[in-house]
Amino acid sequence: MHSTARGEGRRLAARHRNIELGLLALAVAVCLAGHIEADLALTGKLPPGLLVHGLSLGALAGVAHLAVRRFAPYADPLILPLGVFLTGFGLVLLDRLDISYKAAHSAKGDYQKLPAAPSQLMWVFLSVAAAIALIVLVKHHRFFQRYVYLLMAGALILLAAPVASPSDSFGAKRWIRLFGLSFEPDEFVKVAITIFFAGYLMASRDALALAGRKIWGMTLPRGRHAGPVLAIWVVSLLVLIFERDLGTSLIFFGVFIVMLYVATERTSWVVLGLLMAVGGAAVVGTVEPHVHGRVEAWLHPLDYYKPVHDQAISEQPAEALFSLGTGHLTGTGLGSGRPWLIGFAGRSDFIFTTIGEELGLAGVTAVLMVYVLLIQRGLRTAVGLTDPFGKLLATGLSAALALQIFVVVGGVSGLVPLTGKALPFLAAGGSSLLANWLMVALLIKLSDSSGRTALEPAQPSPEPLPARAAPAPADRAPDGPAPAWAPTDPGATDPSAVTELHPAQGRTPAAFRPATPGGADPSAVTELRPAYGHTPAAPLPSGPQGGHTPAAPQYGHPPGPATT
């Protein structure tokens, strides 16, 4: 029975891997079709190096699939194809924008004429290789549980490093430049911080779940237990003040509140977190000029076209609205719009306007649904896991991805102020792509543990010993009905009762205990271990003088003659 269940689980896992392979082929094919369509619309010719590009992307996806098939065979079959599709589609958009930027900025001679797709393709290979290395080298996700405080220390150092930068980029201090290279440490900080939060909340969830006093009908946490939330809130405000990075601050604090709610199941933490986030953002948005300018551009995007307006307001929010409005329902067609007019941010967070203008509302909905599906698979993984650390880690990674998509898409569409964060997988940027693929690899390992729990049965216990037949009770009347615990045939064992019993223990097997209305089915499979626990004895009837019935004979032996 056990080997059959295990074999069925392995067959189902192999079927999942075959589904994953088919979805990977579909994702690569769709990306190549988009690549061809965009170049035909822009140049009238097939893209150069199409065969090499297609084979390279397909080979990279195939190697990742083989790694998952070998080292994470029970993983969710959708996570890897969704990541491959988003990454490949991002390459399509960047290549399409490179052609337009080159044509528009060649005469100007500025940096915007330089292509972004070749460097992004290099980062795709590095990112997928790092994800494969994590899948192969990390045997279980609880490996990270040992280093949560070390990861937290490294994350804080990376988070504070941009403050020492002598200059900022586009109003925010978000980059670190070393040896001619630049990267965004906050992209890696969100992964490390999520791992730390999972380990910390797993150890402290009981204390954080304790109820405090009620105020206005809402139970607030105790003051000493609110300390961690206040500390995270202060760190988020410091990032917002000194680095002027609204997006990282919102993601950093939002992930903690989401994971805190999952760990404690108390809505008071969510309410308290929202009040602290709104209050802190309002204060910093009032006193910090760069953040204040982004809030003003969000509230009054068309003021840029007034003769006199706030110099902190840029033209990008208004241009993004014009671009999205041009797309209507189905868009102008891939390669037929003018998203490059937005300027330098068209390859970063404003790459979302390219989708809206050239693919319309239908394309925007499709891309957002792909994101939602990836987040849903992460949350489904969290539900299937049995250990608290894995549950919190899968929830935190999914929440980090969801919050970053929300602040980027919301900023471009005018729902929230602009944050300048890169749209995951689609926007240009090696740091963002590498961090997001590390998140994909972690979700794959987490889903492998979840699938293994669901599909692979537990380790078998030793084979039970056959039960002996129970003797007929000595005190049963000859013409009375047999009690419920007596077998039909005194010389045979009930085949439905699988029992392990040591004769020397003198215990009654479960299949022969008296049946009670609320008790277990006497035909149920039962395993009694002599070394663990004892079968509760039935109450002994009292005699007329309060005495007790003589002890029953030892199981397996007929009652002997009375002795004096």
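Predicted model: local features only at pLDDT ≥ 70, side-chain atom pairs only at ≥ 80, totals over all residues.
Overall, the protein comes to 14 helices and four strands, and 44% of its 564 residues count as buried. Of the contacts with a separation of 6 or more, 73% are between residues 24 or more positions apart.

- H6 bends by about 50° at Met-202.
- With 18 of its 24 residues buried, H6 is largely enclosed by the rest of the structure.
- H3 has 27 residues and reaches 38 Å from first C-alpha to last, close to the 39 Å expected at 1.5 Å a residue.
- H3 is also largely enclosed by the rest of the structure, because 23 of its 27 residues are buried.

**Aromatic rings**

- How many aromatic pairs does a search of the whole structure find? The search turns up 11.
- Phe-196 and Tyr-200 make a stacked pair, with ring centres 6.0 Å apart and 15° between the planes.
- Tyr-304 and Tyr-305 pair edge-to-face, at 5.4 Å centre to centre and 85° between the planes.
- Tyr-304 is partly exposed at a relative accessible area of 29%, and Tyr-305 is partly exposed at 45%.
- One aromatic cluster takes in Tyr-149, Phe-196, Phe-197, Tyr-200, Phe-252 and Phe-256.
- Arg-70 puts its charged end over the ring of Phe-71, 4.9 Å from the ring centre.

**The nonpolar core**

- The largest nonpolar core holds 108 residues, and the ones touching the most other members are Phe-197, Leu-201, Leu-423, Phe-425, Trp-437 and Ile-444.
- Which helix gives the most to this core? That's H3 (residues 79–105), with 13 residues.
- Trp-437, setting aside residues up to four places away in sequence, touches Leu-80, Gly-83, Val-84, Thr-87, Ser-127, Val-128, Ala-131 and Phe-425.

- Phe-425 is in the loop between helix H13 (388–413) and helix H14 (430–455).
- Is Phe-425 buried or exposed? With a relative accessible area of 3%, Phe-425 is buried, since the cut-off for buried is under 20%.
- The phi of Phe-425 is near 75°, a positive value in a residue other than glycine.
- Asn-436 lies in helix H14 and is buried, with a relative accessible area of 1%.
- Beyond its neighbours within four places in sequence, Asn-436 is in contact with Lys-190, Leu-401, Pro-424 and Phe-425.

- For context, most residues other than glycine have a negative phi.
- You'll find His-328 in the loop between helix H11 (316–327) and helix H12 (351–384).
- His-328 is exposed, with a relative accessible area of 63%, which puts it over the 50% cut-off.
- Val-364 is in helix H12 and counts as buried at 12% relative accessibility.
- Val-364 and Gly-327 are 37 residues apart in sequence and 9.8 Å apart in space, C-alpha to C-alpha.
- Leaving out neighbours within four places in sequence, Val-364 is in contact with Phe-352, Ile-355 and Gly-356.

Key: Residues numbered from 1 in each chain as written. Heavy atoms only, no water. Phe/Tyr/Trp six-rings, centres within 6.5 Å; stacked < 30°, edge-to-face > 60°. Buried < 20%, exposed > 50% of the residue type's maximum accessible area, 1.4 Å probe, protein only. Lys NZ or Arg CZ within 6 Å of the ring centre and 35° of its normal. Core = buried A, V, L, I, M, F, W, Y, C linked by side-chain atoms within 4.5 Å. Helix = DSSP H or I, 4+ residues; strand = E, 2+ residues; numbered from the N terminus. Contact = heavy atoms within 4.5 Å. Bend = angle between axes of the 7 residues up to and from the residue. Expected span 1.5 Å × (residues − 1).
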